[in-house]
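Please look through the sequence and the model below before reading on.

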Amino acid sequence: MTVEHPALALRGLAKRFDGTIAVAGVDLDVPAGSFYGLLGPNGAGKTTTLSMAVGLLRPDAGAAWVLGHDVWQDPITAKRLLGVMPDGVRLFDRLTGAELLAYNGLLRGMDPAVVDQRAAELLDVLALGDAGRTLVVDYSAGMKKKIGLACALLHGPRVLVLDEPFEAVDPVSAALIRDILTRYAAGGGTVVFSSHVMEVVERLCSHVAILAGGTIKRVGTIDEVRGDRSLEQVFVEVVGGRTATGEELSWLSQ
Ligand SMILES: Nc1ncnc2c1ncn2[C@@H]1O[C@H](COP(=O)(O)OP(=O)(O)OP(=O)(O)O)[C@@H](O)[C@H]1O
């Protein structure tokens, strides 16, 4: 009998920065083949959680597994299965897009001919082919997201983890990224991404977790979490927030 492992399993992940508790014990199972949205307001702990989940940030407590492989005990196996686009897309940006992809592929030990062929295809599909000799440092924010996604996809990972892939991306590029991710998921891949944009999560995801104050407040399929309301209504209820009384900022209307 084969055991089907979750694409990503997190248990008790916690992280504190000086006096701030960024993540306060996150448990999460991301089923293989799912399209998973991690929603949360600014400062909820999304980036910290995903960074610990993929082996970029060492947790104070807890553990993470990728398809059954412990990210911190067996990082090589786990990272072979993972494609990651980290927050702020920290890239070696004094390279062209093609050079950056070649560098990533060779670091992963891929055959140079395969790297060349896949890099050309990715640059073409992501409409970055025209950037030619432009260095990544001179790319626009949206282009940086796209080359970050290309780097994450290059080795054909089974699980993609993307930190705010739609942030600062124009509608045309966003549609392109959505199409690529949808195709990837339809081919059996698992996508996990963080966002604070309800519409994107509602439109793409099979599952969602709402994170606030460093803990998971709601989790399940989109229908389970949403019930008979909109995801935005559930989000606002879960996250709370202050309501303007109308008294504040009165000078704005003078
Ligand atoms: N390196 C760090 N040093 C100190 N505090 C940090 C660090 N990284 C994150 N934090 C704090 O941890 C908390 C969670 O931050 P995190 O970036 O994980 O949230 P987020 O949900 O990704 O937010 P956003 O949507 O604004 O990107 C915040 O209070 C943040 O200020």
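Ala127 is partly exposed, with 13 other C-beta atoms within 10 Å, in what is a predicted model. This residue lies in the loop between helix H4 (112-125) and H5, and its phi is positive, about 55°, although it is not a glycine. Most residues other than glycine have a negative phi. Glu164 is another residue other than glycine with a positive phi, in this case near 45°, and its place is in the loop between strand E7 (159-163) and H6. Glu164 counts as buried, because 22 C-beta neighbours lie inside 10 Å, where 20 or more are needed.

Which residues of H6 are buried? They are Ser173, Ile177 and Leu181, and, seen down the axis of H6, these buried residues fall within an arc of 70°, so they line one face of the helix. An α-helix has 3.6 residues a turn, so residues three or four places apart point the same way. The cover over the buried residues of H6 includes helix H5 (141-153), strand E8 (190-195) and helix H7 (198-204), while the face turned away from the buried side carries the exposed residues Pro171, Val172, Ala175, Asp179, Arg183 and Ala186. Just after H6, Gly188 takes a positive phi of about 105°.

H5, which is part of the cover over H6, is itself mostly covered, with ten of its 13 residues buried. Among these buried residues are Lys144, Lys145 and Lys146 as well as Ile147, Leu149 and Ala150. They pack against strand E6 (82-85), helix H3 (97-107), H4, E7 and H6. The 13 residues of H5 should span 18 Å at 1.5 Å a residue, and its end C-alpha atoms are 19 Å apart, which agrees.

Met85 lies in strand E6, and counts as buried because it has 24 C-beta neighbours inside 10 Å. Met85 and Lys145 are 60 residues apart in sequence, yet 8.2 Å apart in space, C-alpha to C-alpha. Leaving aside its neighbours within four places in sequence, Met85 is in contact with Gly148, Leu149, Ala152, Leu162, Asp163 and Pro165.

In soluble globular proteins, nonpolar side chains tend to be buried together. The largest nonpolar core here has 68 residues, and those with the most contacts inside it are Ala53, Leu101, Ala150 and Val161. H5 gives the most to this core, with six residues. Leu101, again leaving aside neighbours within four places in sequence, is in contact with Val115, Ala119, Leu122, Ala150, Cys151 and Leu154.

The last stop is the ligand. The residues around it include Phe17, Thr20, Ala22, Gly40, Lys46, Thr47, Thr48 and His196, and the elements that give two or more residues to this shell are strand E2 (20-30) and helix H1 (46-53). H1 gives the most, with three residues. By residue class, the shell around the ligand divides into three nonpolar, eight polar and one charged.

How values were computed: Residues numbered from 1 in each chain as written. Predicted model: local features only at pLDDT ≥ 70, side-chain atom pairs only at ≥ 80, totals over all residues. Buried ≥ 20, exposed ≤ 12 C-beta atoms within 10 Å, placed from the backbone. Helix = DSSP H or I, 4+ residues; strand = E, 2+ residues; numbered from the N terminus. Arc of directions from axis to C-beta. Contact = placed C-beta atoms within 7 Å. Near = placed C-beta within 6 Å. Nonpolar A, V, L, I, M, F, W, Y, C, P; charged D, E, K, R; others polar. Core = buried A, V, L, I, M, F, W, Y, C linked by C-beta atoms within 7 Å. Expected span 1.5 Å × (residues − 1).
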